[in-house]
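Biologist: I would like to learn how to read the features of a model such as this one, term by term. Could we begin by looking at it together?

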Amino acid sequence: MSKWWPLVAVSLGVFMLLTDVSIVIVALPDIGTGLGMDFAGLQWVLDGYALALAALMLGLGALADRRGRRRVYIAGLTVFALASLACGLAPNGAVLIAARVVQAGGGAAMSATAMALLNLAYQGRDRGVAFGVWGAVSGAAAATGPVVGGVLTEYLGWRSIFLVNLPVSVAAVALALRTLPESRDPHARRIDLPGTVTFTAAAGTLVLMLIRGGTDGWTSAPVLALATAAVVSLAAFVLVEARSAHPLLELALLRNPSFTGVMLCGLFYSAAAFSCLPYSSLWLQSVLGQGPLAAGLVMLPMSAVAFAVSAVAGRRLSTLPAAVPLGGGLAVIGVGGLLQCTLDGSSGWGALLPGLAVAGLGVGAVSPVLASSAMAAVPRERGGMAGGALNTFRQLGQALGIAVFGLVLHHGLRSGLADAPAVPDPEAGARALSTGRIPADTPEALVRTAFATALDHTLLAAALTALAGAALVAVLLRPRPRTGNHQAPAPARNGAAAEHQRTA
């Protein structure tokens, strides 16, 4: 049994950082009420975490290779614990958002080192078992996040969703110090600090522009300034990466359609499957009057079905060309979103369940093969960069999805209230509803209709995003015919298929 303690030490950290992506979803109404946060602030509670994970993953992976993976993992655990304490004690929204960004920095350090630590700690059959358990823990974290968040929020208050990380972090640090071996890469690439800074600036200003554009107006001076900053930062990132001897991301990889297809799949997958869940939770709690636990249970069908599909069919899916589970999975997620687009003023929570379950089928098809497809699309020596890039695209997709679909929701709420004589200020009413507060003297029927219609439009936007992503991924990953004595780059394969391709 003692040989599995390194696996426990790594799994505890991964479980925490992944749970904290989704555990906040059902607590948003209580957080907004407790700290008096507006809609943009609540979006940043989620987006600050996702953006920091996206921005820091690759850089911290390079740092771990040079300074020691065990050292960086333990430092990440410590930062994560201290930031969780700051989240739990936050006196206002600004402190909470800042603490979430720092928390994600610790999470990025853990995520960037987890696979390397397991790879060093285990060999042969034990290594396969360890990675299987690690994958199951990752799936369980996503599945249980909303439910755990609902239980803690309903019975102990929203601050407990962060404070619960403290004892888990202490146990993980103790185990890591005693059981994890240290390792470094003597040929590790240098840390691309300019690339990290310019990428962070580009992603952050883009998301902030999207969040503020819906309320300040797209032609307002602050929004135009943010748009300009995003374009300049992105151009600077491309220029820096093209000239760097040790780039954060080798831009030449993006000329490979298979690699680009897998990266875009990660982006569309996270945006379409998960970015609407916070807004569904707001509807369930603020309009239908459900508690956090009940709202978390409504979301359980998607994660439970996804976990079951990954466990039962994951190995078989890995033998197929990547276009089948990735493009097909995105299409199924899109169908699940369309099935949820049936909401009106009389709808109850049960209207979401069929679509969530179908979306879970798609999530379960995509999730187990994304990482292996990314690795198979690049030379073996670029596997670490490919894995880090995939995690970056996934987190960026979720951050952008929350911002874009938040725009759709807010516009729908404002439009739904605009023609109602009982609502003299539709913009103020939309802002109140989007944070879980019912505007005073607003008829219940109007609130139910306005929010259901706005959420319906938001879910439709997510469904169309998934279907567009499915079409794009299918084109990029399609088999390419041989032409004369030359052959186009092979489409990404995964699992057993990739291994067969490498050894043939």
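Predicted model: local features only at pLDDT ≥ 70, side-chain atom pairs only at ≥ 80, totals over all residues.

Biologist: How many Å should helix H5 span, and what is the distance between its end C-alpha atoms?

Modeller: Helices are DSSP runs of H or I with at least four residues, numbered from the N terminus, and the expected span of a helix is 1.5 Å times one less than its number of residues. Helix H5 covers residues 93-121, and its 29 residues should therefore span 42 Å, which agrees with the 41 Å between its end C-alpha atoms. For helix H1, which has 18 residues, the reach from first to last C-alpha is 26 Å, close to the 26 Å expected.

Biologist: Where does H5 bend?

Modeller: A bend at a residue is the angle between axes fitted to the seven residues ending there and the seven starting there. In H5 that angle is about 40° at Thr113.

Biologist: Which residue caps the N-terminal end of H5?

Modeller: The general idea here is the polar contact, a pair of N or O atoms within 3.5 Å; within protein, one must be able to donate a hydrogen and the other to accept it, and residues adjacent in sequence count only if both atoms are side-chain atoms. Asn92 is the cap of H5, with a side-chain oxygen 3.2 Å from the backbone nitrogen of Ala94.

Biologist: How many salt bridges does the structure hold?

Modeller: A salt bridge is a side-chain nitrogen of Lys or Arg within 4 Å of a carboxyl oxygen of Asp or Glu, and the structure holds 2 of them. One joins Asp126 to Lys3, with the closest N and O atoms 3.3 Å apart. Asp126 lies in helix H6 (residues 124-156) and Lys3 in the segment before helix H1 (5-22), so this pair ties together parts that are 123 residues apart in sequence. The other is formed by the side chains of Arg100 and Asp20, at 3.9 Å from N to O. Because Arg100 lies in helix H5 and Asp20 in helix H1, the parts tied together here are 80 residues apart in sequence.

Biologist: How many residues has the largest nonpolar core?

Modeller: In soluble globular proteins, nonpolar side chains tend to be buried together. A nonpolar core is a set of buried Ala, Val, Leu, Ile, Met, Phe, Trp, Tyr and Cys residues joined through side-chain atoms within 4.5 Å. The largest one has 112 residues, and those with the most contacts inside it include Val24, Leu96, Trp283 and Phe451. Helix H17 (residues 383-418) supplies the largest share of this core, 14 residues. Apart from it lies another core, of 34 residues, among them Val14, Ala108, Leu117 and Ala176.

Biologist: Which residues does Ser138 contact, leaving aside its neighbours within four places in sequence?

Modeller: Contact means heavy atoms within 4.5 Å. Ser138, which is placed in helix H6, is in contact with Val14 and Leu18 once those neighbours are set aside. Ser138 is buried, at 19%, and its C-alpha atom is separated by 6.9 Å from that of Val14, 124 residues apart along the chain.

Biologist: Which residues does Thr196 touch beyond four places in sequence?

Modeller: Thr196, in helix H9 (residues 193-216), touches Ala55, Leu56, Gly59 and Leu248. Thr196 counts as buried at 10% relative accessibility, and a polar atom of its side chain lies 3.0 Å from the backbone oxygen of Asp192.

How values were computed:
Residues numbered from 1 in each chain as written. Heavy atoms only, no water. Helix = DSSP H or I, 4+ residues; strand = E, 2+ residues; numbered from the N terminus. Buried < 20%, exposed > 50% of the residue type's maximum accessible area, 1.4 Å probe, protein only.
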